[in-house]
Amino acid sequence: MTYKSDLIRLLDERGYVHQMTDAAGLDALAASQVVPGYIGFDATAPSLHVGSLVQIMMLRRLQQAGHKPIVVMGGGTTKIGDPSGKDESRKMLTPEIIKGNIASIRTVFERLLTFGDGPTDAIMVDNDEWLSQLGYVELLRDVGPHFTVNRMLTFDSVKLRLEREQPLTFLEFNYMILQAYDFRELALRHACRLQMGGSDQWGNIVNGIELTRRMNGIELFGLTTPLLTTADGAKMGKTASGAVWLNEGQLPAYDFWQYWRNTDDRDVGRFLRLFTDLPLDEIARLEALEGSEINAAKVVLANEVTALVRSHEAAETAEKTAAATFAGGGVGDDLPTFDSPDMELGLIDALIGLGFAASRGEAKRLIAGGGARVNGNQVRDDAFVISLDGGEARISAGKKKHGIVRAG
């Protein structure tokens, strides 16, 4: 299909489009007016992780194409819990923790979007503004008749939990109703016409479209991205050592940069289209590189994404650190560090302190497998003690993780 609007053409060319509720209708609308569009993010932690970056980039593309991004923080729905893709109930957070998480998360959006009062400036809203004011009887009376339990049971987010015979509370079962209500509320408050999200949100998006049409006669649209996994089938944003957080406070810039530098060869082109602003012809040139030359494209990817999400300075420092660490045998300025209170430190404690192992057992397995090095020398003795008389020592876990332990 040939699209008329810059928005749908841009999203399609860069690989964001999986499903649209009415492609022709949305394309026509985007070609004729500014379209306010939203994506919702729950505030379960002080930072979102790389798995959410494709959604944030979609809002960036929306603004780049001349439309208005609406960032919806789920201050209300975070209190409930989204069952989509989850195997168990979410832990409850206090309002104070949720508020702090939202403030922390906002810092990343401020780097990637332009906020303000203009027609295409981004805004951030909290669905707690309306959900906490919504009376239960009112919800049952006005919204309840538009949902059937029969249909709700067909959604993947619910079926997954039931098929695995894992508990799905009544509280979580209501999540899809509240998200549908969000779309309606945004349409009334901010003239929002589009909701975007991952493919697992398709059912929730359709619910909001149908609810708003039935209650208010407003035509809304939905667009979802493909399920984002790496070439080896792993979930985006997860590594053996944990989540790849977007915020600096949760993950050092060097580790963030290194995550992108370690991208599978098969993912380089796709990730350049999704996560950078590089022109498509330059991306085509980079992804055509073969053999060891593809590493140059990975450095470009790491630099571009780190510059967008963190800063240009963070990207430059991380690249210099990597060059010093891998090529020059130095330690660089941006490696993760761990301060020891003593002049001697056990290797196991160093690996755990640097975040290279989550437990003593994991550290022992790493050492036994030959993956631990101290100042470049392989160590297979899990009782090894590092001397910090020289002030610091370089610790490596495998070929790609390096850190510094210092005498405190």
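Guide: What follows is a short talk about charged pairs and a surface patch.

Visitor: What kind of model is this, and how are residues numbered?
Guide: This is a predicted model, in which local features need pLDDT of at least 70 and side-chain atom pairs count only at pLDDT 80 or more, while totals for chains, interfaces and linings use all residues. Residues are numbered from 1 along each chain as its sequence is written, and side-chain values use heavy atoms, with hydrogens and water left out.

Visitor: How many salt bridges does the structure hold?
Guide: There are 17 salt bridges. The term stands for a side-chain nitrogen of Lys or Arg within 4 Å of a carboxyl oxygen of Asp or Glu.

Visitor: Why can such side chains pair at all?
Guide: Side chains of opposite charge can pair when their charged atoms come close.

Visitor: Which residue does Glu 110 meet in a salt bridge?
Guide: Its partner is Arg 106, at 2.7 Å from N to O. Both sit in helix α4 (residues 95-112), and because they are four residues apart there, about one helical turn separates them. A helix here is a DSSP run of H or I with at least four residues, numbered from the N terminus.

Visitor: What about Glu 287?
Guide: The side chain of Glu 287 forms a salt bridge with that of Arg 273 (2.9 Å, N to O). This pair links distant parts of the chain, with Glu 287 in helix α14 (residues 280-287) and Arg 273 in helix α13 (residues 268-275), 14 residues apart. Glu 287 is partly exposed at 34%, as is Arg 273 at 22%.

Visitor: And Asp 349?
Guide: Asp 349 has a salt bridge with Arg 360, their closest N and O atoms lying 3.1 Å apart. Asp 349 belongs to helix α17 (residues 347-353) and Arg 360 to helix α18 (residues 360-368), eleven residues apart.

Visitor: New topic. Which residues form a nonpolar patch on the surface?
Guide: Tyr 136, Leu 140 and Phe 170, with about 350 Å² of accessible area together. Patches are made of residues with over 30% relative accessible area and no salt bridge; like charges are joined within 9 Å, nonpolar side chains (Val, Leu, Ile, Met, Phe, Trp, Tyr) within 5 Å. Accessible areas come from the Shrake-Rupley method with a 1.4 Å probe, and for residues only the protein chains shown count as cover.

Visitor: Where is Tyr 136?
Guide: In helix α6 (residues 136-142). Tyr 136 is partly exposed, at 49% relative accessible area.

Definitions and conventions
Helices (H or I, at least four residues) and strands (E, at least two) are DSSP runs, numbered from the N terminus. Buried means under 20% relative accessible area, exposed over 50%, partly exposed in between (1.4 Å probe, protein chains only).
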